[in-house]
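Reader: I have a model to look at. Can you take me through some of its parts by question and answer?

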Amino acid sequence: MAAAQHGIVTRGQLLSAGVGADVVDRGVKSGRLHGLHRGVYRVGPVIAAHGHLMAATLACGPSAVVSHRSAAILWGIVGGSLRPPAVEVIVRGSDRRRPGIRIRRIATLEEDEVARRDGIPVTAPARTLYDLAAMVRPRTLERAVAEAFSRRLTDADRIVELMARHPKGPGLRALRVVLARGRPVLTRSAAEERFLALLRKARFDPPEVNVELAGFEVDFLWRKERLVTEIDGFAFHSSPHAFERDRRRDAVLAAEGVTVVRVTWRQLVTEPEAVVVRLARAHTRARLADHFRSGAS
């Protein structure tokens, strides 16, 4: 029974399975059953990765589902750094307080807003994003939406439908802003994240991010202008091989008529204005080249 529940059982489950109350009490005394919440136990010394989430739902009753940041971590759409100090749970109806669990009571939760992840009851991905929107910074929300889309957990239509169903949520405005930008952007490094913020502050047209071009994956692409920006992060050219590889890629892209602008981490940190000027000039040259090509044709 515990193996199917991330190492967790309840007193009620044990009694229903025919285990005597005295046996349960001896198990607690001997340390074979470790109390996590009132009437909820971990079996044995091994702590499963999601045992605390399962324990929280079992402690709060059959209507309880993992929610908000806890749900986002369980779905893998935000990093563990956002893990809240207490497990976040939605309970339909009422429930008393429990230490280590943050309970949010709501009147109803539609059937399609609930799912199971590794056997744990949890808010469905779209509902998780809806709840998360009121709690995190806009860029954190955008990354979560992008991650959910890339994993095919949900899509924009499902989120829009949920927003129409619940039109008074505190995170609605933030979600609308993310969806209004089109495809949410998922970056892979601190350097890419800083560069994206710089682009938005300078009001550049939004690029495609981490996409394939001419057989290579490029960091930022303005397809119409045939302009690529590559971000060289902390470990830039950590070896001669890496240096040569990047130069070969730049040469292949140049042969395809693509301009490559390389930006380093140091430039992003110490001279962001110069980066903006250099990129603006590259955009101007690319647009002029496109104009002349169009005129020639």
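Author: Start with a definition. Axes are lines fitted to C-alpha atoms, for helices over the stretch in contact, and angles run from 0 to 180 degrees between N-to-C directions. This is a predicted model: local features need pLDDT of at least 70, side-chain atom pairs count only at pLDDT 80 or more, and totals for chains, interfaces and linings use all residues. Residues are numbered from 1 along each chain as its sequence is written, and side-chain values use heavy atoms, with hydrogens and water left out.

Reader: At roughly what angle do the axes of helix α4 and helix α5 cross?

Author: Helices (H or I, at least four residues) and strands (E, at least two) are DSSP runs, numbered from the N terminus. Helix α4 covers residues 68–75 and helix α5 covers residues 125–132. Their axes come within 9 Å and cross at roughly 135 degrees.

Reader: Why are α4 and α5 called oblique?

Author: Angles under 35 degrees count as roughly parallel, over 145 as roughly antiparallel, 65 to 115 as roughly perpendicular and the rest as oblique. The axes cross at roughly 135 degrees. Therefore α4 and α5 are oblique to each other.

Reader: Which residues of α4 and α5 make the contact?

Author: Contact means heavy atoms within 4.5 Å. From α5 come Pro125, Thr128, Asp131 and Leu132. From α4 come His68, Arg69, Ala71, Ala72 and Trp75.

Reader: How many residues of strand β11 are buried?

Author: Buried means under 20% relative accessible area, exposed over 50%, partly exposed in between (1.4 Å probe, protein chains only). Leu227, Thr229 and Ile231 point one way from β11, and Val228, Glu230 and Asp232 the other way. Both groups are buried. For residues 227–232, the count is 6 of 6.

Reader: Which residue in β12 is the bridge partner of Glu230?

Author: Two strands pair if DSSP finds at least two bridges between them. β11 runs antiparallel to strand β10 (residues 216–222), with 3 bridges. β11 runs parallel to strand β12 (residues 259–264), with 6 bridges. In β12, the partner of Glu230 is Arg262.

Reader: Which residue of β11 stands opposite Phe220, and what ring does Phe220 pair with?

Author: Rings of Phe, Tyr and Trp (its six-membered ring) pair if their centres lie within 6.5 Å; planes under 30 degrees apart count as stacked, over 60 as edge-to-face and the rest as tilted. The structure holds 1 aromatic pair. The pair is edge-to-face, 4.8 Å centre to centre with 65 degrees between the planes, and joins Phe220 to Phe195. In β11, the residue opposite Phe220 is Thr229.
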